[in-house]
Amino acid sequence: MEIGENNNITSFYKKNVNFANTENFHLSIEVSPTNLKYTLLNTENLEYLLFKSVEVGNNLLTAIGSEEILKQTFFSTSMCYSNFPTTIVPNELYSEINKERYLQFISDKKGTIKTDKIHQNNATTIYSVKENIVHLMNQIQSGVIEKNSSTIIIEQLIKQYKNLTEKTAFLFINRKNIELIILKKGELILHNFFDVNNSIDVLYYTLFGFNQLKMNPEESNLYLFGNIEKGDENYILIYDYIRNIKFGSLSNTLSFNEELKRVSQHQNFSLFSQILCV
């Protein structure tokens with residue numbers, strides 16, 4: 001059942017589910033500077049039951065505090081931070097005492113510095129989130145498992161596409177940047193963010209990544225995620241230059257009720273994949 005869809009809120013949920021009794025549900029949350037998403041998974045049959053996305057503008061804290069369902073008791077809770085200053089450092093170069101300096105190379109924004117281990121790739125994700133956001137989330141859900149969206153994305157892509165023998169690109173298009181990931185034989189060989197203002201920027205930096213790793217746009221595969229749909233400006237321009245493009249999908253181990261099958265998989269990859277990476 002669709003419970004609300006407008007320019008700011010999209011929400012779907014399974015009919016006849018008692019959301020006042022959530023002790024058998026896992027709550028997954030994704031927080032970005034301009035958007036709040038969350039979903040509920042029934043831990044007894046591993047089926048997703050609810051999805052909600054709220055465009056918050058500059059009112060992220062207000063939006064989080066207004067979602068009463070987030071304050072309930074759950075079997076378990078996880079969340080990821082998306083589109084906050086983030087960098088990845090190989091573990092042989094990583095030093096805990098220098099984590100703030102690593103971030104200074106990419107951003108001068110201050111906040112709580114957090115780290116994740118990417119075990120499949122022997123690397124560390126370093127990211128910064130505003131302190132008031134971290135404080136509020138931990139007040140609402142104590143004991144929540146926190147990760148960066150890039151950590152979840154990379155870990156899950158490696159799991160799903162480990163059998164690909166050729167260099168393969170994965171493009172995540174966000175509102176103001178793109179995240180480009182390239183894997184080969186289950187190993188991360190490129191990860192970078194690029195600020196973009198239009199579809200030409202999206203294409204330019206994608207082709208730049210292909211060129212850096214000597215990937216042929218006529219032959220190499222590119223999987224698309226995030227803010228892109230077939231036939232839109234980004235898609236049309238990318239397809240003019242990169243022939244083998246397709247939309248990414250979620251792991252086939254995940255289950256969705258009929259209502260949630262209407263939710264775009266390639267747009268919500270990190271949110272739904274959380275349960276597989278925490």
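Contact here means heavy atoms within 4.5 Å. The structure on screen is a predicted model.

**Confidence.** Colour the protein by pLDDT to begin. The mean is 93, and 97% of the residues reach 70 or more. Then select residues 1-5, where the pLDDT is below 50. Beyond near neighbours in sequence, this stretch has 16 contacts in the model.

**V31 and its surroundings.** Select V31 next. Leaving aside residues up to four places away in sequence, V31 touches L36, L60, M79, C80, Y81, S82, F84, I133 and M137.

**The largest nonpolar core.** V31 belongs to the largest nonpolar core, which has 30 residues. Which of its members touch the most others? They are I29, V31 and Y81. To see where the core comes from, show the elements that give two or more residues to it: strands β3 (25-32), β4 (35-42), β5 (47-55), β6 (76-81) and β9 (123-129), with helices α1 (60-66) and α3 (131-140). Of these, α3 supplies the largest share, 5 residues.

**The second core.** Now select F51, I158, Y223 and L271. These four are among the 27 residues of a second, separate core.

**Two packed helices.** Finish with α5 (residues 199-212) and α6 (residues 233-241). Their axes are 9 Å apart, and the helices pack at an angle of about 35°. Is the crossing left-handed or right-handed? The crossing of α5 and α6 is right-handed. For the side belonging to α5, select S199, I200, V202, L203 and L207; for α6, select E233, N234, L237, I238 and Y241. The residues of this contact divide into 7 nonpolar, 2 polar and 1 charged.

Methods
Residues are numbered from 1 along each chain as its sequence is written. This is a predicted model: local features need pLDDT of at least 70, side-chain atom pairs count only at pLDDT 80 or more; totals for chains, interfaces and linings use all residues. Side-chain values use heavy atoms; hydrogens and water are left out. pLDDT is the predictor's confidence in each residue, from 0 to 100. Axes are lines fitted to C-alpha atoms, for helices over the stretch in contact, and angles run from 0 to 180 degrees between N-to-C directions. Helices (H or I, at least four residues) and strands (E, at least two) are DSSP runs, numbered from the N terminus. A crossing is left-handed if the near helix is turned anticlockwise from the far one by less than a right angle, and right-handed if clockwise. Ala, Val, Leu, Ile, Met, Phe, Trp, Tyr, Cys and Pro count as nonpolar, Asp, Glu, Lys and Arg as charged, and the others, Gly among them, as polar. A nonpolar core is a set of buried Ala, Val, Leu, Ile, Met, Phe, Trp, Tyr and Cys residues joined through side-chain atoms within 4.5 Å. Buried means under 20% relative accessible area, exposed over 50%, partly exposed in between (1.4 Å probe, protein chains only).
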